[in-house]
Amino acid sequence: MRVLAYIDPGLGALIWQSIIGVLVGMLFYLRRTRKWMGRWLGRVFRIGQKAGNGAVAPSANKAPPKVDDL
Amino acid sequence: MPQPGPSFRDPMGRCYVTERGAVRLVGAGDVPQFECFLKTRAARDFAAKGQLVVTRRLDEGEIAALAASSGLGSALAARGGAAVYEHERIPFPSYPQEWPPEMLWEAGQLTLELGRAALAEGYGLKDATPHNVLFRGSKPVFVDVLSFERREAGDPLWKPCAQFIRSFLLPLLANRRWGIALADVFTTHRDGLEPEEVYRLCRPWERLHPRLLPLVSIPTWLTRRADPDNEAIYQPRRMANAEKARYVLESVFDRMGRALRWLQPAAQRESAWSGYMEEHSYNEGAFAAKEKFVGEALAAFKPGRVLDAGANTGHFSALAARGGAAVVAIDSDAACVGAMWRRAQGEGLNILPLVVNLARPTPATGWRNRESPSFLERAAGAFDGALMLGLLHHLLVTERIPLEEIAGLAADLTTGLAVIEFVAPQDPMFRRLTRGRGELHAALDERAFAEACAAHFEIIKTLALPGTQRTLYWLKKKVAR
């Protein structure tokens with residue numbers, strides 16, 4: 001792909017954007033993990049509630065879903 | 001009206017302005033992505049709302065007709081495989097050096113909204129300058145459709161971020177913090193202000209302000225420390241995870257949006273003239289008579305395009321706009337023009353408010369002085385009605401412009417109607433401006449004014465405003481023989 005951005009990208013501003021980009025990238029994974037944890041805990045909690053109501057409890061050995069599956 | 005020269009900075013194509021509208025030549029290799037962008041939902045939605053200029057590809061027959069009817073014959077003949085597109089005409093182009101802060105802010109807002117919407121469609125905005133935006137009345141229209149290009153999915157950087165900061169955020173900051181007029185910034189700096197320039201203006205403790213750190217101080221410190229010859233800084237970054245890259249990019253738009261919101265101009269800005277409508281020297285009857293006289297002149301002549309010079313907060317511009325005219329309202333006071341813009345937005349009036357001092361109108365700027373024609377070049381022949389109310393004494397006294405010159409300029413600014421308010425030297429506002437130099441204007445009286453007008457206009461009607469030293473003149477431009 002041709003990149004035809006012809007404007008002056010600045011120097012300090014570009015470096016700063018790159019630094020912030022790395023930090024925000026880390027935040028991206030943190031948020032994703034938090035989301036995944038929330039869903040996983042929610043599911044475990046819900047199933048636990050159902051089990052308490054007489055439903056069949058899930059197998060304790062069942063592996064949690066992969067992050068990419070969520 | 002003389003047209004600006006071609007826009008040529010973008011390697012993807014050129015844009016020419018003609019009487020009918022703008023004509024854009026797009027290189028053959030870039031046509032598919034350009035057309036794809038035009039078909040995106042974002043492009044169609046923004047065009048439908050009037051926020052993105054309407055664009056249409058011309059067929060060979062239309063290109064031949066255009067070559068014959070416009071001065072673009074040689075450019076079209078030498079276009080190679082380039083496709084030709086026509087944009088709708090935006091009446092009376094204006095430039096950032098003529099906008100109040102409110103309009104620059106609105107243009108920045110539209111730029112970010114479009115950048116975000118394009119991102120959702122897999123496109124990126126490759127430049128972020130106020131020169132991409134024109135105003136149709138008080139509403140911004142993004143006109144540089146070629147600014148959108150397909151983005152690499154893993155690219156987390158918004159390269160024009162620095163340009164957005166330079167040309168939107170820092171001029172707004174300099175205006176708000178140090179009162180630096182946007183005209184002063186953009187007449188001499190096409191791309192706004194560098195962080196280093198603003199850094200020098202800041203006091204030491206201001207440089208540590210949480211809002212200024214990312215916009216001004218950190219970029220300045222990093223520029224000083226970085227090796228300017230290190231090409232690696234400018235190499236494209238690619239993330240393996242496209243979703244993460246988009247998340248990072250969205251956060252850039254979020255930060256720019258927050259900074260822009262922080263810099264939103266205050267609703268009530270005060271200046272020497274912003275309270276004029278509440279404090280003027282007319283008695284109630286005189287002001288009502290003035291309104292009636294101007295209203296009658298507008299209703300009788302029905303001008304389609306009106307220039308209101310010295311418009312203050314736009315009282316008479318609104319009168320003309322309500323009568324169906326497209327109004328360009330100018331005043332040298334940015335606070336008044338900002339208030340006028342808010343009024344036009346709020347009441348949905350077709351008024352383009354601009355910060356222009358008629359005694360020092362916007363000069364032509366840019367390459368060969370052809371990128372942005374001067375205000376007077378754009379105004380010539382553009383209006384069939386002109387209002388010059390409460391302006392004469394400012395031009396005569398403050399600017400020391402001779403009466404004949406003022407009448408000549410009024411004739412240049414309209415092709416038909418003019419309503420001019422004569423202000424006698426005995427008027428309290430006139431006397432306040434003279435500051436002891438009253439003798440300079442001893443010979444000024446209504447007869448001298450009428451003679452100066454008669455060189456260019458027929459005097460249709462006059463009205464002496466009761467209880468004042470002012471007379472309104474309803475004038476019709478003489479047809480040149």
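What percentage of the 70 residues of chain A count as buried? Of these 70 residues, 17% are buried, where buried means that 20 or more other C-beta atoms lie within 10 Å of the residue's own, exposed means 12 or fewer, and partly exposed means in between, with C-beta atoms placed from the backbone. The model is predicted: local features need pLDDT of at least 70, side-chain atom pairs count only at pLDDT 80 or more, and totals for chains, interfaces and linings use all residues. Residues are numbered from 1 along each chain as its sequence is written, while chains are lettered from A and ligands numbered from 1 in the order in which they are written.

**Chain A**

Chain A has 1 helix and 0 strands. Helices (H or I, at least four residues) and strands (E, at least two) are DSSP runs, numbered from the N terminus. Helix α1 of chain A covers residues 12-52 and includes Gly48(A). Gly48(A) has 13 C-beta neighbours inside 10 Å and therefore counts as partly exposed. Between Gly48(A) and Gln17(A) there are 31 residues in sequence and 45 Å in space, taken from C-alpha to C-alpha.

**The contact between the chains**

On the chain B side, 36 residues are in contact with 21 residues of chain A; contact means that the C-beta atoms of two residues, placed from the backbone, lie within 7 Å. At least two residues each of the side of chain B that touches chain A come from β8 (148-150), α6 (161-178), α9 (212-225) and α10 (242-262) of chain B. The most is given by α9(B), with 7 residues. By class, this side of chain B holds 22 nonpolar, 4 polar and 10 charged residues. Ala, Val, Leu, Ile, Met, Phe, Trp, Tyr, Cys and Pro count as nonpolar, Asp, Glu, Lys and Arg as charged, and the others, Gly among them, as polar.

**Helix packing around α6(B)**

Helix α6(B) meets α5(B), which spans residues 101-120, and also α10(B). Axes are lines fitted to C-alpha atoms, for helices over the stretch in contact, and angles run from 0 to 180 degrees between N-to-C directions.

| Helix pair | Axes come within | Crossing angle, roughly |
|---|---|---|
| α5(B) and α6(B) | 10 Å | 150° |
| α6(B) and α10(B) | 12 Å | 10° |

The α6(B) and α10(B) pair is therefore roughly parallel, and α5(B) and α6(B) are roughly antiparallel to each other. Angles under 35 degrees count as roughly parallel, over 145 as roughly antiparallel, 65 to 115 as roughly perpendicular and the rest as oblique. The crossing of α5(B) and α6(B) is left-handed, a term used if the near helix is turned anticlockwise from the far one by less than a right angle, with right-handed used if clockwise.

From α5(B), Pro101(B), Leu104(B), Trp105(B), Gly108(B) and Thr111(B) meet Phe164(B), Phe168(B), Pro171(B), Leu172(B) and Asn175(B) of α6(B). That contact has 7 nonpolar, 3 polar and no charged residues. Toward α10(B), Cys161(B), Phe164(B), Phe168(B) and Leu169(B) of α6(B) meet Val252(B), Met256(B), Ala259(B) and Leu260(B). Here the classes are 8 nonpolar, no polar and no charged residues.

**Two sheets in chain B**

One open sheet has 4 strands in the order β1-β2-β4-β3 (chain B), with antiparallel pairing. Two strands pair if DSSP finds at least two bridges between them. The edge strands of this sheet, β1 (13-17) and β3 (55-57) of chain B, each pair on one side only. The twist averages 25° from one strand to the next. Strand β3(B) pairs with β4(B), residues 83-87, in the antiparallel sense over 3 bridges, and Arg56(B) stands opposite Glu86(B).

A further open sheet, of 7 strands, has the order β11-β10-β9-β12-β13-β15-β14 (chain B), with mixed pairing. Its edge strands are β11 (351-355) and β14 (457-464) of chain B, each pairing on one side only. The twist averages 20° from one strand to the next.

Within this sheet, β13(B), residues 417-423, is joined by 7 bridges to β15(B), residues 470-477, and the two run antiparallel. Leu417(B) has Lys476(B) as its bridge partner in β15(B), and Val423(B) has Arg470(B). With β12(B), β13(B) pairs in the parallel sense over 4 bridges, and Gly385(B) stands opposite Leu417(B).

Because 7 of the 7 residues of β13(B) are buried, β13(B) is largely enclosed by the rest of the structure. Leu417(B), Val419(B), Glu421(B) and Val423(B) point one way from the strand, and Ala418(B), Ile420(B) and Phe422(B) point the other way. In a regular strand the side chains alternate between the two faces of the sheet. Helix α17 (residues 403-413) of chain B lies across β9 (305-309), β12 (385-388), β13, β14 and β15 of chain B, and runs at about 145° to β12(B).
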